[in-house]
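Hi,

Please look it over before reading my notes below.

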Amino acid sequence: MPVVRGKVIEPLFTAEQIAERNLAIAAEIATRPANDLLVIAILKGSFIFAADLLRALHDVGLAPEVEFITLSSYGVGTVSQGVRVVKDIDSDVKDRDVLLIDDILESGRTLRFAKEMLYERGARSVSIAVLLDKRVKRKEDLEADYVGFECPDYFVVGYGMDVAYAFRELPFVGVVKGDA
Ligand code: IMP
Ligand code: MG
């Protein structure tokens with residue numbers, strides 16, 4: 001098993017598996033007609049997935065505009081949780097077909113907040129692509145339109161995702177198993 005900086009990391013989804021899913025998702029997105037497609041990547045966790053999915057979209061002939069939004073959850077603990085915009089997009093979403101990209105769909109709070117906000121701003125449609133779907137953790141009635149993999153209920157790292165700011169750079173998705 002790979003050892004990264006003294007930690008054993010068990011690969012859950014390999015770089016090859018992820019690349020294959022990205023191509024399949026891009027092909028699926030290309031079958032749905034979009035008017036003036038705007039891709040919005042939710043930072044930070046989605047940055048690698050978004051970069052790879054965008055290149056896969058190029059391969060199937062799509063050339064969307066790309067934006068980034070930084071969202072953050074607050075009230076973790078016993079208080080009811082909310083989501084806030086830390087850094088907003090610059091573009092106007094009115095009448096546009098938006099594709100939101102995130103790393104993991106878990107409770108659904110982040111993506112529900114983002115989707116509702118974009119509809120309030122006048123988006124024509126908002127669809128969602130996530131690399132991982134942790135379905136057992138869902139709290140909101142929300143589904144992604146495009147999913148890379150169903151994810152078991154482990155805390156995962158790599159391919160953009162971190163634990164305490166570490167391991168975002170790993171080319172695969174894995175689970176930290178402990179010290180080597
Ligand atoms: P939720 O769907 O609003 O609960 O939030 C999902 C967000 O929590 C994701 O965008 C990630 O940033 C973060 N997250 C959830 N599970 C994991 C994990 O296993 N590893 C790293 N980040 C995670
Ligand atoms: Mg996130």
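**Notes on the model**

Tyr154 sits in the loop between S8 and strand S9 (156–157). Strands (E, at least two residues) and helices (H or I, at least four) are DSSP runs, numbered from the N terminus. This is a predicted model: local features need pLDDT of at least 70, side-chain atom pairs count only at pLDDT 80 or more, and totals for chains, interfaces and linings use all residues. Residues are numbered from 1 along each chain as its sequence is written, and side-chain values use heavy atoms, with hydrogens and water left out.

Tyr154 counts as partly exposed because its relative accessibility is 42%. The cut-offs: buried is under 20% relative accessible area, exposed over 50%, partly exposed in between (1.4 Å probe, protein chains only). Leaving aside residues up to four places away in sequence, Tyr154 touches Leu12, Lys134 and Val175. Contact means heavy atoms within 4.5 Å.

Six strands form an open, mixed sheet, ordered S5-S4-S3-S6-S7-S8. Strands S5 (82–87) and S8 (146–150) are at the edges with a single partner strand each, so one side of each has no neighbour in the sheet. Two strands pair if DSSP finds at least two bridges between them. S3 (residues 38–43) and S6 (residues 97–105) run parallel, joined by four bridges. Val39 has Leu99 as its bridge partner in S6.

Val176 is in strand S10 (residues 173–179). Val176 is partly exposed too, at 30% relative accessibility.

Best wishes

Methods:
Chains are lettered from A and ligands numbered from 1 in the order in which they are written.
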